[in-house]
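Here are some notes for a colleague who is opening this structure for the first time. They begin with a pair of helices and then turn to the domains.

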Amino acid sequence: MNSIEVKNLTKKFGNFTSVDNVSFEVYRGEIFGFLGANGAGKSTTIKMLCGILEPTSGDATVGGFSIKTQSEQVKRNIGYMSQKFSLYNDLTIEENINFFGGVYGLEGENLSNRKKWVLKIANLEGKEKLLTGSLPTGIKQRLALGTAVIHSPNIVFLDEPTGGVDPIERRNFWDLINTLSSEGTTVFVTTHYLDEAEFCNRILLINAGKIIAGGSPKELKENYIKTIILEIECGKTIDALTILEDSNFFGSATIFGNYIHVKLKENDTEENAKDFIVKTLSESKINTSRIDKISPTLEDVFITLLEKKD
Amino acid sequence: MQEIIKISNLKKIYEGGVIGIDDISFSIYKNEMFGFVGPDGAGKTTTIRLLCGLINPTDGNADIMGYDLRKDKMKIKDNIGYLSQKFSLYTDLSVDENIEFFADIHGVKDYKERRNELLQFTRLTDFRKFYAGKLSGGMKQKLALACTLIHKPKIIFLDEPTTGVDPVSRRDFWKILSDLIKEEITIIISTPYLDEAERFNRLALFNNAKILKLDTPAKIRESLHKTVIEIVCNNIRSADKALKENTNYEIQTFGDRLNIVADSFEKDFPVIENILSKNGIEIQDKRIIPASLENVFIHLLKTKKTELQQL
């Protein structure tokens with residue numbers, strides 16, 4: 001059985017359709033990325049899947065329970081964490097865990113076992129007595145995720161969970177997510193940082209309430225990017241940019257650090273473009289030292305898909 | 001290259017002893033796009049505020065366009081623009097009126113032509129009569145940038161302009177900055193995102209109130225002297241586990257692949273292959289990829305930690 005099954009889910013607010021007839025599945029134990037710009041319908045979808053917002057039409061099952069008719073069971077079987085951690089700053093780490101355990105009805109031996117587990121997986125052993133408010137963002141983040149799964153939910157929703165932490169902390173956080181997922185917990189993540197989406201097993205892109213693409217990070221890059229992006233290293237970068245822009249030969253041209261990135265028009269070949277660049281720049285006495293095709297990022301995929309929509 | 005900012009032993013200790021930035025020295029060149037990159041609390045914002053003259057240094061000094069940061073603050077302020085992380089626009093004023101307001105503050109009399117230019121440049125001309133409060137997040141940010149540019153500053157400081165901004169607006173913002181660099185302006189930007197760091201001419205990696213590394217993105221990547229091996233295999237998570245249990249490689253696990261930081265492909269790939277095959281994992285694809293700035297940053301932080309432990 002799939003962890004989440006969404007069928008024709010729609011949510012309207014007055015005349016505005018926030019989520020428009022959306023259907024998809026999330027497999028058990030996978031890390032599933034749900035991506036979209038602000039206002040694309042991500043939060044509305046999450047709220048419906050968590051059983052706190054009723055759909056206008058369609059339905060979904062979360063952990064086997066219908067969000068329409070069994071929203072209470074849905075709530076008890078999921079965990080939720082957002083970037084605005086709901087931790088109490090004036091409580092210690094241990095007190096926060098106790099508090100959230102209490103909210104989910106854990107007590108006695110059960111609570112103390114789960115507490116030990118949270119401290120272990122979040123790598124917080126020995127830090128129990130520290131005041132939460134004084135902790136670095138990275139540790140708060142792991143604690144927030146730990147408390148969100150204290151009641152052993154089958155599915156956990158992470159709504160824009162990271163931001164502003166150093167890369168080592170970010171890796172620790174994703175290690176924790178990987179641990180949860182390998183223990184069978186389904187992880188549903190929203191983010192608009194596309195480099196982070198690379199950590200997901202499968203991704204769905206949503207825009208204006210509709211699903212516009214889906215697949216593994218690799219599949220998305222292979223299936224949706226048909227235009228070639230070239231990186232050019234040359235002299236007088238800024239002058240060269242103006243020349244290349246004015247040539248109208250490219251879809252777009254932009255400065256990228258010490259280089260220029262040009263996006264070829266559809267159906268244009270790499271060889272053809274390379275010849276054009278070297279020739280055009282040399283006419284202005286600018287020397288081209290390197291032109292390389294670059295692999296697209298998920299951000300390129302996302303932007304390409306949205307440009308097509310416009 | 002002409003130095004436009006020269007920082008000498010700049011230090012800021014806040015009340016209560018918190019070290020904002022600890023004795024940094026470096027120069028920024030004219031017309032450069034220079035990045036301050038690092039996590040929250042690393043000292044990026046403190047450095048920007050010091051250079052804008054908003055807070056006073058505890059020690060050290062800086063020369064900005066020939067002016068002394070400690071003595072000629074007012075002259076410096078006339079020549080710079082500053083976009084703070086929590087920029088403030090007047091939500092009940094229109095786009096036009098917001099820019100006019102900033103022109104007034106800076107004593108710019110003839111602002112109308114410049115305003116038209118800026119609106120066109122930020123693609124906000126069609127929205128000039130809209131209340132700022134009605135704009136999307138990305139548009140508000142572009143308006144704030146336009147306001148920062150009204151007095152034609154020579155240097156602009158942008159404090160985390162892309163944090164919390166969606167990818168489309170983020171890309172749009174970078175395109176605008178790429179156009180702006182043609183105006184011979186010097187741009188200093190802070191960001192916590194290492195994937196953005198490739199967009200700078202040079203960057204400083206901040207950590208713990210100090211600078212870990214300062215150079216062009218390419219030179220910083222080369223400084224790692226390591227190879228990154230990318231592996232696609234049938235069970236990513238077991239592979240990650242097996243490698244972590246048996247080796248000390250720095251490993252990054254993505255949704256559909258692993259990146260392993262190794263000394264060389266020839267030496268390390270057979271080791272990796274051996275461990276994986278012992279665990280019944282089949283390698284489907286392998287290749288050498290360039291090190292990312294994130295690889296370097298993590299390597300530097302880890303080396304630093306080990307050094308500290310050995311002391």
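1. Helix H3 (residues 93-103) of chain A packs against helix H4 (residues 108-121) of chain A at an angle of about 130°, their axes being 10 Å apart. Helices here are DSSP runs (H or I) of at least four residues.

2. This is a predicted model, in which local features need pLDDT of at least 70, side-chain atom pairs count only at pLDDT 80 or more, and totals for chains, interfaces and linings use all residues. Residues are numbered from 1 along each chain as its sequence is written, chains are lettered from A in the order in which they are written, and side-chain values use heavy atoms, without hydrogens and water.

3. On the H3(A) side, A:Ile93, A:Glu94, A:Ile97, A:Asn98 and A:Gly101 meet A:Leu111, A:Lys115, A:Val118 and A:Leu119 of H4(A); contact means heavy atoms within 4.5 Å. The residues of this contact comprise 5 nonpolar, 2 polar and 2 charged, with Gly counted as polar.

4. Chain A has domain 1 (4-222) and domain 2 (225-309), with bounds from an automatic or database domain assignment. Their centres, taken over C-alpha atoms, lie 39 Å apart.

5. Between them, domain 1 of chain A and domain 2 of chain A bury about 1,100 Å², 76% of it on carbon and sulfur atoms; this is accessible area (1.4 Å probe) lost on being put together, summed over both. Of the area that domain 1 of chain A buries against domain 2 of chain A, A:Leu194, A:Ile212 and A:Lys221 supply 50%, more than any other three residues.

Terms used: Axes are lines fitted to C-alpha atoms, for helices over the stretch in contact, and angles run from 0 to 180 degrees between N-to-C directions. Helices (H or I, at least four residues) and strands (E, at least two) are DSSP runs, numbered from the N terminus. Buried area is the accessible area (1.4 Å probe) that two parts lose on being put together, summed over both.
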